[in-house]
Protein chains: 4
Amino acid sequence: MLEQLKEEVFQANLELPERGLIKYTWGNVSGIDREQGLFAIKPSGVDYDQMSASDMVICDLAGNVVEGSLNPSSDMPTHAVLYKQFPTIGGIVHTHSTWATIWAQAGLDVPAMGTTHADTFYGKVPCARFLTQEEIDRGYEVESGNLIVSTFAERQLDPLAIPAVLLHGHGPFTWGKDAKSAVMNAVVLDEVCQTNLYARQLNQFAEELPQRVLDKHYLRKHGDNAYYGQK
Amino acid sequence: MLEQLKEEVFQANLELPERGLIKYTWGNVSGIDREQGLFAIKPSGVDYDQMSASDMVICDLAGNVVEGSLNPSSDMPTHAVLYKQFPTIGGIVHTHSTWATIWAQAGLDVPAMGTTHADTFYGKVPCARFLTQEEIDRGYEVESGNLIVSTFAERQLDPLAIPAVLLHGHGPFTWGKDAKSAVMNAVVLDEVCQTNLYARQLNQFAEELPQRVLDKHYLRKHGDNAYYGQK
Amino acid sequence: MLEQLKEEVFQANLELPERGLIKYTWGNVSGIDREQGLFAIKPSGVDYDQMSASDMVICDLAGNVVEGSLNPSSDMPTHAVLYKQFPTIGGIVHTHSTWATIWAQAGLDVPAMGTTHADTFYGKVPCARFLTQEEIDRGYEVESGNLIVSTFAERQLDPLAIPAVLLHGHGPFTWGKDAKSAVMNAVVLDEVCQTNLYARQLNQFAEELPQRVLDKHYLRKHGDNAYYGQK
Amino acid sequence: MLEQLKEEVFQANLELPERGLIKYTWGNVSGIDREQGLFAIKPSGVDYDQMSASDMVICDLAGNVVEGSLNPSSDMPTHAVLYKQFPTIGGIVHTHSTWATIWAQAGLDVPAMGTTHADTFYGKVPCARFLTQEEIDRGYEVESGNLIVSTFAERQLDPLAIPAVLLHGHGPFTWGKDAKSAVMNAVVLDEVCQTNLYARQLNQFAEELPQRVLDKHYLRKHGDNAYYGQK
């Protein structure tokens with residue numbers, strides 16, 4: 001079932017090491033079929049050179065495995081929560097990519113300091129707090145998903161306008177309209193985490209992008225008046 | 001029309017990811033035929049592995065598309081202004097390359113701190129200010145070009161002697177006698193942005209190159225008394 | 001003798017340059033057959049493209065060469081001491097990998113600041129002191145091994161829970177259940193050395209991972225209740 | 001003439017981009033035949049993919065071209081001076097490699113902070129001052145060579161024990177027993193420039209290597225009592 005989705009998710013997983021976002025198997029990508037309410041996700045801890053599209057595991061939004069002989073990524077329950085609570089998203093990526101992880105370890109939101117950021121993220125990318133002991137005991141992966149959702153709710157953020165989050169001390173989750181675009185958002189996030197860090201080192205008074213430039217760049221690529229690309 | 005120019009511009013665009021200046025399609029190169037007053041530029045948002053020389057879009061100096069079925073790069077109007085106002089240049093590159101973008105986000109001119117810089121840029125590379133709301137409303141891309149031109153005029157800079165600029169919060173534009181040399185100037189700029197940043201971190205008192213060394217290195221490679229290469 | 005072990009050790013040595021941990025021949029990997037009490041190690045200073053599995057040198061726990069026409073790595077006696085004193089380990093790696101060497105040159109323990117660290121190292125990775133003149137005179141490589149062992153004893157560390165050490169001014173040794181996993185631990189160590197350094201630069205108040213998160217991530221992958229991978 | 005030397009020098013030049021030391025043609029390698037008193041050097045500004053061994057230019061110690069239809073590297077006179085004044089060396093490399101150039105731009109000697117350094121350089125690598133206007137007028141490249149020689153004389157350094165120098169605001173020259181080993185020394189220098197810079201950032205009190213460890217590592221690989229490698 002869902003052969004095309006499995007293939008897309010498999011290809012998107014292969015992109016993670018190709019684009020330098022992960023080493024070994026330290027990441028996972030999933031993609032969802034909204035009609036059936038099922039998503040495909042990478043199996044846990046399988047080497048990329050021994051993986052095929054048919055190894056992708058199919059799960060439902062309650063976090064149950066529906067098809068597949070391998071264990072899904074241990075982060076699967078986080079994906080399930082995000083798909084359930086963010087109904088507009090179609091793909092999710094988790095990595096420990098170097099620069100995004102640095103900001104996660106620093107425990108800081110990623111401010112919009114350049115147009116690379118503004119082309120993809122309509123404002124700062126939030127860093128969610130550490131889980132409490134109680135939350136960890138209740139279920140680390142499900143509660144990580146719940147924390148992401150509540151962080152977006154409290155800050156009144158649209159998950160499609162800010163398709164990324166950092167987990168303090170851990171790393172980034174990104175998402176998008178499908179698995180492939182979620183990977184692209186992971187690449188953008190890592191890039192702006194690098195440029196922002198150094199821009200501040202170079203000039204401690206380096207400012208965030210003026211709102212007018214943020215608006216211009218984001219809306220040039222997104223929404224009804226976008227005029228980037230071929231569409 | 002302009003088949004050879006299209007091929008040169010296509011090849012120069014392919015160099016951007018090969019030399020690590022861009023990810024995905026975050027950049028664009030153009031080249032001009034001065035006799036006809038027409039330039040070829042990359043189409044907007046097309047994957048490199050699906051692009052061919054025939055996809056390059058031909059435009060005139062007023063920023064009109066003259067030939068091509070695809071939309072040109074959204075930055076095309078900036079290229080048009082630069083070709084019109086800088087009559088000595090033959091190729092233009094725009095990227096969000098990492099180190100040049102860091103200086104752009106820091107909002108700082110790039111000083112000449114080493115001979116790598118002096119071999120290509122005869123003095124500091126300017127960082128142009130943010131556009132105003134009024135300028136953005138009037139036309140973001142055209143006004144970006146106008147800002148570059150007025151920055152060079154105010155500072156009395158020769159665009160061939162300083163073939164690069166940073167746009168605050170955005171990234172670099174570079175140019176040269178043709179598309180290929182504009183790419184090389186983009187590589188040099190990114191490299192010196194990296195070395196200058198770290199040289200200052202290593203030694204906060206690190207100085208700019210003495211004028212005599214700047215003169216020697218620049219004039220060893222440029223002008224009537226140059227003696228570098230096979231000429 | 002020990003043909004399969006030689007092959008595994010050879011392959012693990014090839015991984016060092018492939019994963020960017022070393023340049024030229026600046027590293028060495030060994031692996032042990034516990035039943036026979038013999039280990040295979042890379043020969044000293046042989047180019048990787050001229051090396052084959054049969055060039056691996058077989059040594060015993062007293063540091064004697066048992067088989068092989070080439071000199072073993074000059075660090076071989078350090079490996080022998082570690083295999084003798086840490087009976088649970090099956091493979092050892094020594095590199096001068098960039099980021100771990102930076103921490104070694106800084107003379108600092110590597111704190112657990114993120115889950116990439118916690119997935120592999122159950123607490124901070126110690127940095128052992130410089131050898132004294134007396135120790136160097138007695139035998140630099142054997143005493144380096146003894147110093148690692150005494151560092152773990154004094155700090156009451158389990159070498160399988162913290163499968164790595166830094167030698168002040170030198171670089172890392174890592175180990176694992178076999179040669180391949182020792183290489184993976186070297187990759188993880190280098191990665192966390194990079195992210196920790198920058199996380200502190202980005203936020204000088206960046207904290208170590210809370211104990212509850214360290215526990216969760218380490219125990220998710222290690223021990224009886226682990227649920228990562230396909231087991 | 002000197003076909004084998006030309007081939008060695010050609011191969012050593014190819015190593016510069018392969019090992020990430022240069023971009024485009026920003027570097028040059030030479031090697032000498034001491035019996036004939038002639039050296040082979042890369043031609044100036046020729047693309048690597050259009051170069052062959054037969055393009056290497058043969059020069060004498062007075063800096064005259066003896067054979068070859070192409071112009072030699074513009075830095076050729078510096079090589080000639082070094083071969084004349086440092087009779088024990090057999091190969092020379094000049095690059096603008098990133099990390100060594102950073103130290104050159106900072107105008108600082110490179111201290112021995114780790115064993116990677118001590119394995120190759122028996123003490124700190126000196127940074128030579130800027131040339132004066134008078135020296136530049138007299139002949140930039142010859143005087144660069146003279147400055148390197150006088151820097152080593154003033155500091156009483158043995159060019160084989162410290163086979164490298166930085167030129168302030170410019171970049172490194174390295175040398176060795178032949179062209180290939182001069183390239184290796186350029187790789188080591190760039191690596192230690194990176195690790196030293198970050199080690200100091202991580203710990204501003206990071207010390208130089210104790211003399212006893214410097215002695216041990218250097219003499220383990222060099223001189224009569226060396227025991228590294230297969231010899």
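**Helix packing, up close**

Mentor: Start in chain D: helix 1 and helix 6 of chain D are roughly parallel to each other. Keep in mind throughout that this is a predicted model. Helix 1 covers residues 3-18 of chain D and helix 6 covers residues 179-202. Their axes come within 9 Å and cross at roughly 15 degrees. The crossing of helix 1 and helix 6 of chain D is right-handed. Now look at the residues that touch. Helix 1 of chain D brings D:Val9, D:Ala12, D:Glu15 and D:Leu16 to the contact. Helix 6 of chain D answers with D:Ala179, D:Lys180 and D:Val183.

Two packed helices are described by the angle between their axes and the distance between the axes.

Next, look at helix 6 in chain C. Helix 6 of chain C runs over residues 179-202, which is 24 residues. From its first C-alpha to its last, helix 6 of chain C reaches 35 Å. That is close to the 34 Å expected at 1.5 Å a residue. Helix 6 of chain C is also mostly covered, with 20 of its 24 residues buried.

Now cross from one chain to another. Helix 5 of chain C, residues 133-154, packs against helix 7 of chain D, residues 211-221. The angle is about 25 degrees, and the axes are 10 Å apart. That angle makes helix 5 of chain C roughly parallel to helix 7 of chain D. Their crossing is right-handed. From helix 5 of chain C, the contact uses C:Gln133, C:Ile136, C:Tyr140 and C:Glu141. From helix 7 of chain D, it uses D:Arg212, D:Val213, D:Lys216, D:His217 and D:Arg220.

In helix 7 of chain B, residues 211-221, the buried residues are B:Val213, B:Leu214, B:Lys216, B:His217, B:Tyr218 and B:Arg220. What covers them? Just after helix 7 of chain B comes B:Gly223, with a positive phi of about 90 degrees.

Stay in chain B for a pair within one chain. Helix 2, residues 76-85, packs on helix 5, residues 133-154, in chain B. The angle is about 35 degrees, and the axes lie 7 Å apart. The crossing of helix 2 and helix 5 of chain B is right-handed. On the helix 2 side of chain B, you find B:Pro77, B:Thr78, B:Val81, B:Leu82 and B:Gln85. They meet residues of helix 5 of chain B, including B:Glu141, B:Val142, B:Ser144 and B:Gly145.

Now try single residues. A:Asn146 lies in helix 5 of chain A, residues 133-154. A:Asn146 is partly exposed, because its relative accessible area is 32%. A:Asn146 and A:Val81 are 65 residues apart in sequence. In space, their C-alpha atoms are 6.7 Å apart.

A:Thr116 sits in helix 4 of chain A, residues 115-118. A:Thr116 has 7% relative accessibility, so it counts as buried. Who touches it? Leaving aside neighbours within four places in sequence, A:Thr116 contacts A:Val188, A:Glu191 and A:Val192, among others. The contacts of A:Thr116 also include B:Trp26, B:His96 and B:Thr101. A:Leu214 is 98 residues from A:Thr116 in sequence, yet their C-alpha atoms are 9.9 Å apart.

Finish with the loops. Most residues other than glycine have a negative phi. B:Tyr24 is not a glycine, but its phi is positive, about 50 degrees. B:Tyr24 sits in the loop between helix 1 (3-18) and strand 1 (27-33) of chain B. At 15% relative accessibility, B:Tyr24 counts as buried. C:Gln156 is not a glycine either, and has a positive phi of about 55 degrees. C:Gln156 is in the loop between helix 5 and strand 7 (164-167) of chain C. C:Gln156 is exposed, with a relative accessible area of 74%.

Key:
Residues numbered from 1 in each chain as written. Chains lettered and ligands numbered in written order. Predicted model: local features only at pLDDT ≥ 70, side-chain atom pairs only at ≥ 80, totals over all residues. Heavy atoms only, no water. Helix = DSSP H or I, 4+ residues; strand = E, 2+ residues; numbered from the N terminus. Expected span 1.5 Å × (residues − 1). Buried < 20%, exposed > 50% of the residue type's maximum accessible area, 1.4 Å probe, protein only. Axes fitted to C-alpha atoms, helices over the stretch in contact; angles between N-to-C directions. Parallel < 35°, antiparallel > 145°, perpendicular 65-115°, else oblique. Left-handed = near helix turned anticlockwise from the far one by under 90°. Contact = heavy atoms within 4.5 Å.
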